[in-house]
Amino acid sequence: MNEPVISVRGLDVAFGARKVLRGLDLDVAPGEVLGFVGGSGQGKSVLTRAILGLNPKQAGKIRLFGEDIDRLTPRRHRALERRWGVMFQGGALFSSLTVRQNIQAPMREYLKLSQGLMDELASLKLKLVGLPPDAAEKYPSQLSGGMIKRAALARALALDPELLFLDEPTSGLDPIGAAEFDDLIATLQKTLGLTVFMVTHDLDSLYSICDTIAALADGKVIAHGPLDLMLASDHPWLRAYFHGKRARAIRRPDAVGIEASAASDASAPA
Amino acid sequence: MSKPAENLPDFSVERDGSSARVLLRGAWTIAASRALERAAQKLAAAANGAQSAELDFAGVTRLDTAGAWLIDKARQQMAAAGVAARFAGASAGDAILLREAAYAPPQPERAGRENPLTALLVALGGWTVGMGEEILRGVSFLGELAFNAVRVVARPKAMRPTSMVFHLENFALRAVPIIATINFLVGCIVAQQGIFQLRRFGASTYAIDMVGVLVLRELGVLLTAIMIAGRSGSAITAELGSMKMREEVDALRVMGISPMEALVLPRLMALVLALPMLTVIGDFAALFGGMVTSYFYNGVSPQVFAERLQLAIGMNTYLVGLIKAPFMALVIGMIAAIEGFKVEGSAESLGRRVTASVVNSIFMVIFLDGLFAIFFASINY
């Protein structure tokens with residue numbers, strides 16, 4: 001049971017001559033909320049897409065729920081896809097369907113449910129992600145950026161997945177919305193035992209809901225562990241990331257108060 | 001991981017006087033689909049007749065939001081039927097889930113159906129207003145286009161030669177193989193039919209006249225224009241449409257660049273140049289096709305074919321076809337651009353607009369050809 005949900009070994013992904021990932025190893029344990037960080041263009045999305053089977057890999061092994069994704073029959077692969085939910089960065093909602101139909105699309109595809117129950121479940125998902133009921137009948141083009149994020153999460157949660165991939169879930173949300181988003185993920189994680197793989201740059205999310213953080217640089221995971229490990233690391237990029245100007249403003253709540261930390265930062269030039 | 005088949009949601013009821021104990025068992029998850037729905041329906045009626053019921057979660061192996069929602073719904077239905085139901089034995093996680101996914105009855109739909117007659121009138125009115133707006137939009141588009149065209153003529157610096165040449169390559173150069181092939185084939189077909197039909201009157205040499213006149217006056221330009229409407233008109237609509245969808249058109253506007261000047265005019269100019277050029281190529285390809293067919297079916301040597309053609313057609317035959325080309329290009333380009341800017345947020349609307357662009361421009365090209373035919377006939381050209 002403690003077998004990792006995601007297990008990546010020696011993953012190489014290249015586009016033409018440009019190698020993006022070089023021998024990457026990564027494990028995500030069941031119930032873990034992993035925050036994945038890395039500079040722009042370092043291949044965070046490429047890794048996510050490779051795990052989902054959207055980008056071809058040149059070498060390496062990817063196991064999901066203990067199954068090698070290269071050796072799956074299409075049938076088993078479909079069964080596997082049902083166990084994860086994916087929220088793309090841009091939402092990737094189907095533009096010709098309403099939000100309700102978007103949420104019901106995976107239900108329709110995989111389950112036999114009455115329309116009445118599907119409608120009820122869609123409204124439940126909307127409530128869970130904090131969208132007003134009247135958003136259900138809107139088309140994605142009529143939604144704001146933040147609402148698209150929420151609707152995309154609602155769709156990712158449609159089948160109550162065991163594994164959730166989130167690509168920058170809180171980017172473009174106001175701080176209140178982002179905090180609610182974090183709470184929701186935390187609640188779902190607690191209640192459903194959800195495993196979350198989250199690409200994010202939101203330091204608040206990293207501090208508040210991620211159990212572990214993995215950092216990507218030079219095509220490899222350079223550090224993987226709890227926040228303290230990141231803070232203690234002396235890798236230059238990690239130092240810049242977690243001790244930069246923006247990071248200093250959001251110290252962990254149990255460490256120092258924000259005012260105190262701001263004051264000490266002001267007196268101690270970097 | 002246990003298989004769902006062994007673990008379907010189920011329950012049993014123990015009654016004790018006026019109170020009932022409902023022992024829930026199995027995985028109450030959405031993966032059970034129908035079984036979950038049925039179990040929940042039965043559950044609502046499980047404690048009928050009792051005064052109080054206890055829903056015991058001890059046997060629940062797994063619960064998700066859908067299961068929690070349905071169980072809570074059943075509890076509320078029991079309550080409505082006079083059975084005071086409560087949860088027991090829920091783990092901490094399940095308790096949170098039951099709270100988060102608490103059942104809320106769906107909001108009543110906007111009550112009352114509309115009278116079908118009113119609905120029809122509303123639809124008709126909406127359609128009429130829509131048509132009016134469309135005409136208005138077309139006129140304002142033409143105005144904006146004319147204004148920008150005049151501005152570009154007055155200030156040639158605003159012209160975008162690079163962009164125009166780029167589109168010219170796409171619309172003209174890359175279309176040469178397909179345009180030449182299609183016209184060649186049609187030239188062959190017309191010549192072959194002409195030879196067969198006219199042979200019965202012993203006039204098969206006149207097939208060459210027929211090919212010459214038909215191809216140069218009508219078919220060459222018409223086929224080329226239809227191909228370009230399908231090939232480049234659709235491309236223009238799709239390009240402009242997806243640029244509009246992704247706010248690229250708005251980005252141009254806020255930079256103070258007129259989309260008309262930056263996007264539409266270069267394409268339109270490229271089309272107006274491309275279509276006559278392609279028509280010339282198409283004409284020659286069709287005549288060549290006619291020549292090849294005449295040689296094989298009628299034994300007409302290329303020299304004889306050329307001499308016969310010289311007698312049959314004049315410069316005016318050639319020009320009648322060619323004059324039409326730029327006008328057709330203008331029609332194709334304008335319809336493509338108007339439709340492109342009408343694209344709204346969804347992929348569906350993009351598809352609809354591209355279809356409309358191609359269908360409308362092919363229709364207009366043929367319609368225009370008819371008008372030209374009447375015009376040239378009345379001036380005896």
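User: In this predicted model, how far apart are the end C-alpha atoms of residues 268-297 of chain B?

Analyst: UniProt, in an unreviewed entry, lists residues 268-297 of chain B under "transmembrane region". In the predicted model this span is 100% helix and 0% strand. The distance between its end C-alpha atoms is 42 Å.

User: How far apart do the C-alpha centres of domain 1 and domain 2 of chain A lie?

Analyst: Domain 1 of chain A is made up of 6-83 + 163-250, while domain 2 of chain A covers 96-160. The C-alpha centres of these two domains are separated by 25 Å.

User: Which helix of chain A gives the largest share of the side of domain 1 that touches domain 2?

Analyst: Between the two domains of chain A, 10 residues of domain 1 are in contact with 11 residues of domain 2. Four residues on the domain 1 side make up the largest share, and they come from helix 6 (residues 175-192) of chain A.

User: How many residues on the side of domain 1 of chain A that touches domain 2 are nonpolar?

Analyst: This side of domain 1 of chain A includes three charged residues and two polar ones. The nonpolar residues there number five.

User: Over which residues of chain A is the pLDDT below 50?

Analyst: Chain A has an average pLDDT of 82, and 91% of its residues score at least 70. One stretch, with six contacts in the model beyond near neighbours in sequence, has a pLDDT below 50: residues 253-270 of chain A.

Terms used: Residues numbered from 1 in each chain as written. Chains lettered and ligands numbered in written order. Predicted model: local features only at pLDDT ≥ 70, side-chain atom pairs only at ≥ 80, totals over all residues. Domains from an automatic or database assignment. Contact = placed C-beta atoms within 7 Å. Helix = DSSP H or I, 4+ residues; strand = E, 2+ residues; numbered from the N terminus. Nonpolar A, V, L, I, M, F, W, Y, C, P; charged D, E, K, R; others polar. pLDDT = per-residue confidence, 0-100. UniProt positions renumbered as here; feature names shortened; annotations may be inferred.
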